[in-house]
Amino acid sequence: MKIKKKNLFIDLILIIITGGIWNIWMQYRQIRDFNSVSNSNQYSFLKWLFFSLITFGIYHIYHEYKLTRDFCLLNEVNDAELIGIFSGIVSATGFWFIIDLYQQSLLNEKV
């Protein structure tokens, strides 16, 4: 599968316009693209959706930590674990969209 770079500005505008609903598509796209770039099936959109719903978003915080860490490892960014922890904290404060845009920027570098 050929992955194209995504426009972060358009993603941000669509997140704002849709009240965050665009993030569901972004999560699907990032999970799909990460699995493709890393040649793995490490992440599952349905698992993310199910556990995020039944834990009222707490799983999403963990997911953001783990996916950001793995994006950083994939891009050979220093302090991947620390950046992942910071991402989880930022997600817990309600600024998850910033983390998703950061993850997309890391993915864009890999494409």
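Read along the sequence, the predicted model follows the pattern α-α-α-α-α-α. The secondary structure amounts to six helices and zero strands. The C-alpha atoms of the chain occupy a box of roughly 30 × 30 × 25 Å along the principal axes. For 111 residues, a compact globule would have a radius of gyration near 13 Å. The chain has 13 Å, so the two values agree. Buried residues account for 41% of the 111 residues. Contacts were also sorted by separation along the sequence. Among those between residues at least 6 apart, 61% join residues at least 24 apart.

Helix 6 was examined next. It covers residues 96-110, which is 15 residues. From the first C-alpha to the last, helix 6 reaches 21 Å. This is close to the 21 Å expected at 1.5 Å a residue. The buried residues of helix 6 are Ile99, Asp100, Leu101, Gln103, Gln104, Ser105, Leu106, Leu107 and Asn108. They pack against four partners: helix 1 (8-17), helix 2 (22-37), helix 4 (58-74) and helix 5 (80-92).

Glutamine 103 gives a detailed view of helix 6, where it lies. Its relative accessibility is 0%, so glutamine 103 counts as buried. The cut-off for buried is under 20%. Residues up to four places away in sequence were set aside when its contacts were listed. Glutamine 103 then touches Gln27, Gln30, Glu64, Leu67, Thr68 and Phe71. Cysteine 72 is 31 residues from glutamine 103 in sequence. In space, the two C-alpha atoms are 8.6 Å apart.

Asparagine 35 belongs to helix 2. This residue counts as buried because its relative accessibility is 9%. With neighbours within four places in sequence left aside, asparagine 35 is in contact with Ser40, Asn41, Gln42 and Tyr43. Phenylalanine 95 is 60 residues from asparagine 35 along the chain. The C-alpha atoms of asparagine 35 and phenylalanine 95 are separated by 24 Å.

Two packed helices are described by the angle between their axes and the distance between the axes. The axes of helix 3 and helix 4 come within 6 Å. They cross at roughly 140 degrees. Helix 3 is therefore oblique to helix 4. For comparison, angles over 145 degrees count as roughly antiparallel. On the side of helix 3, the contact is made by Lys47, Trp48, Phe51 and Ser52. On the side of helix 4, it is made by Tyr59, His60 and His63. By class, this contact has three nonpolar, three polar and one charged residues.

Two loop residues complete the description. Phenylalanine 56 is found in the loop between helix 3 (45-54) and helix 4. Its phi is near 55 degrees, a positive value in a residue other than glycine. Phenylalanine 56 counts as exposed because its relative accessibility is 78%. The cut-off for exposed is over 50%. Glutamate 76 is found in the loop between helix 4 and helix 5. Glutamate 76 is not a glycine, yet it has a positive phi of about 55 degrees. With a relative accessible area of 70%, glutamate 76 is exposed.

Terms used: Residues numbered from 1 in each chain as written. Predicted model: local features only at pLDDT ≥ 70, side-chain atom pairs only at ≥ 80, totals over all residues. Heavy atoms only, no water. Expected span 1.5 Å × (residues − 1). Buried < 20%, exposed > 50% of the residue type's maximum accessible area, 1.4 Å probe, protein only. Contact = heavy atoms within 4.5 Å. Axes fitted to C-alpha atoms, helices over the stretch in contact; angles between N-to-C directions. Parallel < 35°, antiparallel > 145°, perpendicular 65-115°, else oblique. Nonpolar A, V, L, I, M, F, W, Y, C, P; charged D, E, K, R; others polar. Rg over C-alpha atoms; globule rule 2.2 N^0.38 Å.
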